[in-house]
Amino acid sequence: MDPKLINGNRIYDNRGSLRFSNELEFKKIKRFYMVHNYNKNFVRAWHGHLNEEKYIGCIKGTFQISAVRIDNIKRPNKKNKIHNFYLNESNNNFVYIPK
């Protein structure tokens, strides 16, 4: 399975806004993290997990996620497809990255 974009949405009324995703399921989620970088253009890299799935969303700002299937942990194929996603606080989307 490849990484995929999970669509989110936002609705507005006189009270404010509500962000949601009807496509996101939380059945297998065991942990939750929120990451905040102090500096712009900071790169967090190599967060490979062989046994965990990831769901990534953006609360504030904009960022890029790149994911590559690791076919061999000791000698990964450098020609494997790179999946690039761009998330920001306005699009309300998530990225699913399989284990």
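This briefing covers salt bridges, an aromatic pair and a pocket.

The model is predicted: local features need pLDDT of at least 70, side-chain atom pairs count only at pLDDT 80 or more, and totals for chains, interfaces and linings use all residues. Residues are numbered from 1 along each chain as its sequence is written, and side-chain values use heavy atoms, with hydrogens and water left out. The structure holds two salt bridges and one aromatic pair. Tyr55 and Tyr96 form that pair, and both are among the residues closest to the centre of the second largest pocket.

**Salt bridges**

- Two salt bridges are present (a side-chain nitrogen of Lys or Arg within 4 Å of a carboxyl oxygen of Asp or Glu).
- Arg15 bridges to Asp13, with 2.4 Å between the closest N and O atoms.
- Arg15 is exposed at 74% relative accessible area, while Asp13 is partly exposed at 39%.
- Here buried means under 20% relative accessible area, exposed over 50%, and partly exposed in between (1.4 Å probe, protein chains only).
- Lys54 bridges to Glu52, with the closest N and O atoms 3.8 Å apart.
- Lys54 is partly exposed at 24%, and Glu52 is partly exposed at 27%.

**Aromatic pair**

- Rings of Phe, Tyr and Trp (its six-membered ring) pair if their centres lie within 6.5 Å; planes under 30 degrees apart count as stacked, over 60 as edge-to-face and the rest as tilted.
- The search of the whole structure finds one such pair.
- Tyr55 and Tyr96 are tilted, at 5.1 Å centre to centre and 45 degrees between the planes.
- Tyr55 lies in strand S4 (residues 54-57) and Tyr96 in strand S7 (residues 94-97), so the pair ties together parts 41 residues apart in sequence.
- Strands (E, at least two residues) are DSSP runs, numbered from the N terminus.
- Tyr55 is partly exposed at 31%, whereas Tyr96 is buried at 6%.

**Second largest pocket**

- A pocket is an open set of points on a 1 Å grid over the protein atoms alone, where a 1.4 Å probe fits, with protein on both sides within 12 Å along at least five of seven lines; lining residues have an atom within 4 Å of a point.
- The second largest pocket holds about 270 Å³ of space.
- Of its 14 lining residues, Lys4, Glu23, Glu25, Tyr55 and Tyr96 are the closest to the centre.
- Strand S1 (residues 4-6) gives the largest share of the lining, three residues.
- The lining has eight nonpolar, no polar and six charged residues.
- Ala, Val, Leu, Ile, Met, Phe, Trp, Tyr, Cys and Pro count as nonpolar, Asp, Glu, Lys and Arg as charged, and the others, Gly among them, as polar.

Key:
Helix = DSSP H or I, 4+ residues; strand = E, 2+ residues; numbered from the N terminus. Points joined across faces, edges and corners; volume = space filled by probe spheres on them.
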